[in-house]
Amino acid sequence: MNVSIAITSAKGRVIIRTVNLKKMYIKKDVVTEALRGVDVEILTGEFISLMGPSGSGKSTFFNMVGGLDSPTSGRVFIDEVDVAQLTAVELAFLRCRKIGYIFQSYNLIQYLTALENVTTPMAFAGVDPDEARTRGMELLTLVGLKERWTHRPIEMSGGQQQRVAIARSMANRPSLLLCDEPTANLDLKTGREILEILRMLNQERNMTILCATHDHRMLDICDRLIWIRDGRVERIARRDEVQIEIGSIGGEKA
Amino acid sequence: MKKIEIRDQPSLGIGKTVSLTLTGIRYRLFRSLVTVGVVAVAMAFLMNVLSESLVRGAVLRATTLRAAELHQAYVWVTKLSDPGMLDSILPMMAAPHAEAVDEAISMAKLPPEDRGFLESRCRQATGYLRFFAALDYGARRQLTRQAQGTAIFDALQSPSAQADFFAKAKEMRSLRLPGGAEAFQKFLIEWPAVKEKLERIRAARAAAIAQLKATLHGRTVMEALAEADGAFGAAIRAAGFRFPEDIARTVAGQARRACEGQSLEAGLLRPAVRRALAGRLDLTLNEVNPLVLWEFLKDRDSASWYLDRLKEAGIPAADLTPERLMALARVQTEEATLAQLLPLQADVEEGETGVQERMLWLILVSMIVCAVGIANAMLMSVTERFREIATLKCLGALDRTIMGMCVIEATILGVTGGAAGALAGTLLGLSRMSAAFGSIALSTMPIGALCLAMAGSVLVGIALAAVAALYPSFKAARLAPMEAMRVE
C-alpha cells in the first residue's frame, strides 16, 4: 500500500508525545533502568512498529504510553493530556474509551464468552446492554468470529482468542490501539491473519496503532519503525527507508 | 479525528457487578467450593462449641431445677427441724423470694415497715460477706482476723477495731469495698439493729419448730411429712410457716416415697431377704446394695417377687403394690442420674449462655482459627486472580468495582459456608449432647438461643470473609494494571 497516503491522511496531529521518559525498577537494592529517557511523537492514523530485543524496554514503553504503569520521571501526553496528572477514575476512563489493548497472552476473561468479553468494556463505559450486544456482534463479525460468539476462551484457538481480544480492544471505538507482541504466541499463518486485521483497522478505520513486536512481517504494513535498545530510542525510520536496506529479509508478502 | 477529552468514568451497576461475580464463581466452582468448605469447617467448629455449651447449660439448669423439686421434702425436713444460724437466715432474707421474707416477718411478729429495711440491709450484708469470702487469704486475715461470716460485722463494732480495719483497707490499694468505705461504715452502725431482728426471726423459728415437735408423736419429721397434705400440714401452718397446698401435696408425695423407699431398703438389712436377692441376681452378699435393688425393681415380676420376700420376712412395707414399687424405682433412678449430672454443674456458671470462662476461651480460639482460615482462603482466591483484575482494569474497571466484586464474592462464599457450617456444627453438637445426656438434652433444647447463635455465627462468617477479602482486593485494585500482572 501507499505509505505516503497513510501519513498525509494523519494530517500531522500528534496523539502521543513522550518527554524524557524514564522508568526504573527497584527490587531490593538492585536498580534496573528499563527506560533511560525516551522522546517520541506519534501522529494520528500512524501504524508504528516498536522493535527491539528482549529486555530493551519495549514493553515498559508500551505500558507507560498505555497508562498501565507510572513512569519514574518524564511525561506521557496523550492528545496533550498529561497522563500523570489524571486521577484513578480519569485513568479508568482513558483506558476504557481512548485506548484499546492487545496483549501477547490475549488476557481474555476466562469465565466469559467471546461476546461477553467484547461487551465488558462497554458495560464499564455504561453503554446500554442491547446496543452493546449489537456492537459486540458487529465487532466479532469484523474479526471473523461471528459464529463463535458463545464460546469461552478455553474453547478457542490462540488466533481466535487474539481476534476476540482485537474485537474487545475496539469496543469503545478508541483513538489508539496498543499491541504488545500480538503475534508472538501464534504460528505464521495465524499471525499473518492477525496482522491483516490490524492493517485493515489502520487503513480502513484510520486507527492509530502502536505495536511492540519481533515480527518482521510488520515491516510491510507499518508506517514507521522505532528501534529501542537499552532503554533508549536507537533509531526511528520510515518503512520505505528500511525496506531498501533489508529488502531481502522482508521479502514475505503481507 | 475527535479530540480526547477526559471525564469521570461511571461505575458499574450493582446488578452487573453481582452477575459478573456470579459468573466468575460458577466458572471457578471447584476453587469456590474449597473456599466455602474452609469457611464451613471453621464455622462448624465455632457453632459446635457454642451449641454444645448452650445445650449443656440448659440441661444442667433443668436438672438443677428438677433436683431441687425432687428434694423439696428434704428441704422441708431441714427447715422444720433446725431454726438455722444467723448466717443461713441472712441470705434467705436477701434472696428474691418474697415468700420466705413474708414468713420470717410474720413469724417473728416484726412490724411490716421493718421489711424494706431488713431486706436492703441483708442484701448489703450478703454483698459484703461475698466480698470478704472472695479476698485472698492474706488480705482477709489482715482485715478480719479470725472472724468469719456475720462475726466479721460483730468484731468491727468496737471503734478501735473499726479504725484499724479502715486504715488497713486504705493501705491495700487494689481493695474496693462494694459501695465504698463510707457505706460500709454506715452499715456497721446499723448492723446491731439488723442482727437483733435476725435473732428475733431465729428465735421465732425455733419456737415454731418446738411447737411442731409436740405434734410428731415420736415419728421422724419425714414420716410426719407424709401427712403434709393433711393434719401435719395444718400443724405446720399453725406454727406460722408458709406452706401452700400445692407445695404440701408435692412434699407429702415425696415424703411418702422417701419413707416407702426407706422401708424397702430396710429389707436389705434382713439376712434372709438379702440372701434371696443375692441368689436371684447371682451376686455376692457384699455386692447387694440399694442401687442394685432399685435397678432390680424396675420390672413387675421382680417387684412382686421382692414383695413376697418382704412379706415372708414380716416387714410392714409388704402392703405396697408391685406398680408402686416400679414407680418408686423410676424416681430413684432419676435421682441417681441427676446426682451424676450435678457435679457437671461445675462447668456451668450463671452467664446468659451458660458458658464458662474455659468455654469462652475455647470459643475465642476457634474464632481466631476461623479468621485465619477464612483470611487465607480469601487471600488465595484474590491473589490468584491478580491477572484477571489487571485485565479488568485495562478495560476500564474502577477500583471500587474491583473491590465490590471481591467483597461480593467473599460475602456469597461467606453466607454459603457460614450457613452450611453453622447447621453442620449445630447438628453435630446436638447429636453429641443427646448421646451424652439422653432425651433430656432434646427436651430442654434452648431453640431460641441456638437460632440466635447460628445467625450470629453466619454473620461472623460473612464479616470475617468480607474483611479478609477486603485487604488483598484493595491492594490489587490500587496497583497499576501492569504491576498487578507482574505479581505472580
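Predicted model: local features only at pLDDT ≥ 70, side-chain atom pairs only at ≥ 80, totals over all residues.

**Entry 1: a crossing in chain B.** I began with helix 4 of chain B and helix 6 of chain B, whose crossing is left-handed. (Left-handed means that the near helix is turned anticlockwise from the far one by less than a right angle, right-handed that it is turned clockwise; helices are DSSP runs of H or I with at least four residues, strands are E runs of at least two, and both are numbered from the N terminus.) I noted the contact residues, with contact meaning heavy atoms within 4.5 Å: B:Asp87, B:Leu90, B:Pro91, B:Met93 and B:Ala94 of helix 4 of chain B face B:Leu118, B:Glu119, B:Cys122, B:Arg123, B:Ala125, B:Thr126 and B:Leu129 of helix 6 of chain B. By class I have eight nonpolar, one polar and three charged residues there. (Ala, Val, Leu, Ile, Met, Phe, Trp, Tyr, Cys and Pro count as nonpolar, Asp, Glu, Lys and Arg as charged, and the others, Gly among them, as polar.)

For the geometry, the axes of helix 4 (residues 86-94) and helix 6 (residues 114-134) of chain B come within 8 Å and cross at roughly 120 degrees. (Axes are lines fitted to C-alpha atoms, for helices over the stretch in contact, and angles run from 0 to 180 degrees between N-to-C directions.) Helix 4 of chain B and helix 6 of chain B are therefore oblique to each other. (Under 35 degrees is roughly parallel, over 145 roughly antiparallel, 65 to 115 roughly perpendicular, and the rest oblique.)

Entry 2: Residues are numbered from 1 along each chain as its sequence is written, chains are lettered from A and ligands numbered from 1 in the order written, and side-chain values use heavy atoms, without hydrogens and water.

**Entry 3: another pair in chain B.** Helix 3 (residues 72-81) and helix 10 (residues 181-213) of chain B pack at about 105 degrees, with axes 8 Å apart. That makes helix 3 of chain B roughly perpendicular to helix 10 of chain B.

**Entry 4: chain A against chain B.** I found 40 residues of chain A in contact with 36 residues of chain B. About 3,600 Å² is buried between chain A and chain B, 64% of it from carbon and sulfur atoms. (Buried area is the accessible area, with a 1.4 Å probe, that two parts lose on being put together, summed over both.) A:Phe93, A:Tyr111 and A:Phe124 supply 24% of what chain A buries against chain B, more than any other three residues.
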